[in-house]
Protein chains: 2
Amino acid sequence: MHKINPIEKFGLFTERWSPKIVAELNGQHVKLVKSLGSFPWHHHDHEDEMFLVVKGPFNMEYRDAGGEHRVTMNTGEFIVVPRGVEHRPVAEQEAWIMLFEPAGTLNTGNAGGEHTVAKPDWI
Amino acid sequence: MHKINPIEKFGLFTERWSPKIVAELNGQHVKLVKSLGSFPWHHHDHEDEMFLVVKGPFNMEYRDAGGEHRVTMNTGEFIVVPRGVEHRPVAEQEAWIMLFEPAGTLNTGNAGGEHTVAKPDWI
């Protein structure tokens, strides 16, 4: 049993949109992601996702019958994106995010594409 | 879908050792707890718990065949306590903790007692 310092872990990699696993509990993974720009629109059929902002600002865009929406978050804030909801992260400056989601959740969900990381590394 | 600001949520209550639920995802709850002093030793038979320090310092003590151990964390750091491990949070100054654990996890685990909160409130 040891403590984890997310800021130190973020210092270990530079790739963007490439989640790194830092912990596992109850079948869930805790992942770190560096974000910059707009990620592809996607959803997850069976997984809810939590995005906790370690370094903001950071935007979560989502769309539903009412159109497109943007939620802007600062450091320390978080949002839960329920399964089935079309969403995309958007960061105008590099943002650092801690993710909580079921182990095996694919970062690009149903969309696939070049950003897909099938097997994130542990750091 | 809306963002959650843990610091603002911590401003809504003063009780210590009384977890408040702020989000639910994948059968897990995100809870906020204010800690001061030593919580009773306990374990959880079936639940892993994650303690993320929103305002530190904060200590997690645990004991195993090797004796008693203390892990001291500062703001932003976290620890995962696996199911079955005897542990107790200890805070020498009031510390603010964000917990991730399965919905229904009892704060006092197997120990019970006066600190038990059977049904935490949402805030």
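**Talking through the two chains**

Biologist: How much area do chain B and chain A bury between them?
Modeller: Buried area is the accessible area (1.4 Å probe) that two parts lose on being put together, summed over both. Carbon and sulfur atoms carry 66% of what chain B and chain A bury. The area buried between the two chains is about 2700 Å².

Biologist: Good start! What pLDDT do local features need here?
Modeller: Residues are numbered from 1 along each chain as its sequence is written, chains are lettered from A and ligands numbered from 1 in the order in which they are written, and side-chain values use heavy atoms, leaving out hydrogens and water. This is a predicted model, where totals for chains, interfaces and linings use all residues, side-chain atom pairs count only at pLDDT 80 or more, and local features need pLDDT of at least 70.

Biologist: How many residues does chain B bring to the contact?
Modeller: Contact means heavy atoms within 4.5 Å. Chain A brings 37 residues. From chain B the contact takes 37 residues.

Biologist: How many salt bridges cross the interface of chain B and chain A?
Modeller: A salt bridge needs a side-chain nitrogen of Lys or Arg within 4 Å of a carboxyl oxygen of Asp or Glu. Over all chains, that rule gives 20 salt bridges. Across the interface of chain B and chain A, the number found is two.

Biologist: Which residue of chain A forms a salt bridge with B:Glu77?
Modeller: B:Glu77 sits in the loop between β5 and β6 of chain B, and its partner in the segment before α1 (6–10) of chain A, so the pair joins two chains. The closest N and O atoms are 3.2 Å apart. The partner of B:Glu77 is A:Lys3.

Biologist: What pattern does chain A follow along the sequence?
Modeller: Helices (H or I, at least four residues) and strands (E, at least two) are DSSP runs, numbered from the N terminus. Chain A has one helix and seven strands. Read along the sequence, the pattern is α-β-β-β-β-β-β-β.

Biologist: What does the C-alpha trace of chain A span along its principal axes, and in which loop is A:Pro57 found?
Modeller: The C-alpha trace of chain A spans about 45 × 30 × 25 Å along its principal axes. A:Pro57 is found in the loop between β3 (49–55) and β4 (58–64) of chain A.

Biologist: What is the phi of A:Asn26?
Modeller: Most residues other than glycine have a negative phi. A:Asn26 lies in the loop between β1 (20–25) and β2 (28–38) of chain A. Its phi is positive, in a residue other than glycine, and is near 50 degrees.
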